[in-house]
Amino acid sequence: MNLLAKNTWLVILLAIVISFIVPGVGMVLKPYLNIFLMVLMFLSCLDIDLGEFVENLKDFKTQGLILLIVHLVSPIIILICFKNFLSEEIFLGLILAAVIPAGRASVFLTKIYGGRPVTALVISSISNAFSPITVPFLVWLFAKTSIKINPVEMGMAILWLVAVPIVAAILFRMVGLAKYLVNKSAGLSVIFLFMIIVGIISPIREIILDNMVSSVGLIFIIIGLIAVDFWLGYRIGKDKKEKITLAITSSYKNYTLGTIVALSLFNPIVALPSIIYTITNNLLLIPIQILSKR
């Protein structure tokens, strides 16, 4: 299991390759994506101290700055620099992907890369908790499109996906069961991350291949956006662990949510930016892990 955690970059690369070569695997996994995300969150929270979590909630300044980066920096750049060069559908999809909340997998990733998972948990939880309000509003603000999302329904879904794994992890710690999983949690998390990536990319594989020119262009745009978010988060951190944590949390988003919203409310081409974000963001984790080992 530890070998998997130490080579997360290789597992991520393998997941992306399998998504394109054997898409049938992803089609089988797709219905279980939410379950995989909940398990990943549960495993990431097993060794997080509740007192430390509450203490991190008091750092309003840092949390506020990171949330501004997560939700506002990329869409502002997209609006100013790329609006006139993109089709209406791609622009809408890119804005949607850019305003989506922080990824829950950032908790596990900060743990793997030597950061502070509890800080990532606090920020990603706040980001996801407010997403039923922030996502529709920001998409309307930047793309002038009213996306019809039921805030109550979306809020309950997010509450289920975030709160239940956290409560389950706390209960496991209280009854002394967490110790049996903590040592294996990193390796198990890599396995579930693999299944999530394959489950997200495979079903949209044909859309990517049918729009290769747009996909390649989006890759370069998204690399720039992720780099800016990562750099800003890194600069805000006060020490190495916090820099790693804030950099990853600022730049790694909940692309599963972005893909689901795009496919539910619009045509498949609007989901393309979220899928390219998934591929690009996970590929960029490869050099980060290799460099972190050094």
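## Overall picture

The model is predicted. The protein chain holds 17 helices and zero strands. It has 294 residues, and 52% of them count as buried. Consider contacts with a sequence separation of 6 or more: residues 24 or more positions apart account for 84% of them.

Two packed helices are described by the angle between their axes and the distance between the axes.

| Helix pair | Axis distance | Crossing angle |
|---|---|---|
| Helix 8 and helix 9 | within 8 Å | roughly 165 degrees |
| Helix 9 and helix 15 | within 9 Å | roughly 30 degrees |
| Helix 8 and helix 15 | 9 Å | about 150 degrees |

Start with helix 9 (residues 117–129) and helix 15 (residues 240–251), whose axes cross at roughly 30 degrees. Helix 9 is therefore roughly parallel to helix 15. The crossing of this pair is right-handed. On the helix 9 side, the contact uses T119, A120 and I123; on the helix 15 side, it uses T245, L246 and T249. Three of these residues are nonpolar, three are polar and none is charged.

Next come helix 8 and helix 9, with axes that cross at roughly 165 degrees. Angles over 145 degrees count as roughly antiparallel, so helix 8 and helix 9 are roughly antiparallel to each other. Their crossing is right-handed. Helix 8 brings S106, V107, T110 and K111 to the contact, and helix 9 brings P117, A120, L121 and S124. By class, the contact of helix 8 with helix 9 has four nonpolar residues, three polar and one charged.

The remaining pair is helix 8 and helix 15, packed at about 150 degrees. Helix 8 and helix 15 are therefore roughly antiparallel to each other. Helix 8 passes helix 15 in a right-handed crossing. S106, L109 and T110 of helix 8 make this contact with T245, I248 and T249 of helix 15. The contact of helix 8 with helix 15 divides into two nonpolar, four polar and no charged residues.

## The loop residue G115

Where is G115 found? G115 sits in the loop between helix 8 (105–112) and helix 9. Is G115 buried or exposed? G115 has a relative accessible area of 11%, so it is buried.

G115 touches T110, K241, I244 and T245, leaving out residues up to four places away in sequence. G115 and K241 lie 126 residues apart in sequence, yet their C-alpha atoms are 4.4 Å apart in space.

## Nonpolar cores

In soluble globular proteins, nonpolar side chains tend to be buried together. The largest nonpolar core here has 76 residues. Which of its residues touch the most other members? They are L109, L193, L272 and Y277. Helix 12 (residues 179–201) supplies the largest share of this core, eleven residues. Another core lies apart from it, with seven residues, among them I66, I69, V70 and I123.

L272 touches I90, I207, I208, N211, S214, S215 and L218, leaving out residues up to four places away in sequence.

I207 is found in helix 13 (residues 205–210). I207 counts as buried because its relative accessibility is 16%. With residues up to four places away in sequence left out, I207 touches P268 and L272. I207 and P268 are 61 residues apart along the chain, and their C-alpha atoms are separated by 7.2 Å.

V261 is found in helix 16 (residues 255–265). At 8% relative accessibility, V261 also counts as buried. V261 and V135 are 126 residues apart in sequence and 10.0 Å apart in space, C-alpha to C-alpha.

Terms used:
Residues numbered from 1 in each chain as written. Predicted model: local features only at pLDDT ≥ 70, side-chain atom pairs only at ≥ 80, totals over all residues. Heavy atoms only, no water. Axes fitted to C-alpha atoms, helices over the stretch in contact; angles between N-to-C directions. Helix = DSSP H or I, 4+ residues; strand = E, 2+ residues; numbered from the N terminus. Parallel < 35°, antiparallel > 145°, perpendicular 65-115°, else oblique. Left-handed = near helix turned anticlockwise from the far one by under 90°. Contact = heavy atoms within 4.5 Å. Nonpolar A, V, L, I, M, F, W, Y, C, P; charged D, E, K, R; others polar. Core = buried A, V, L, I, M, F, W, Y, C linked by side-chain atoms within 4.5 Å. Buried < 20%, exposed > 50% of the residue type's maximum accessible area, 1.4 Å probe, protein only.
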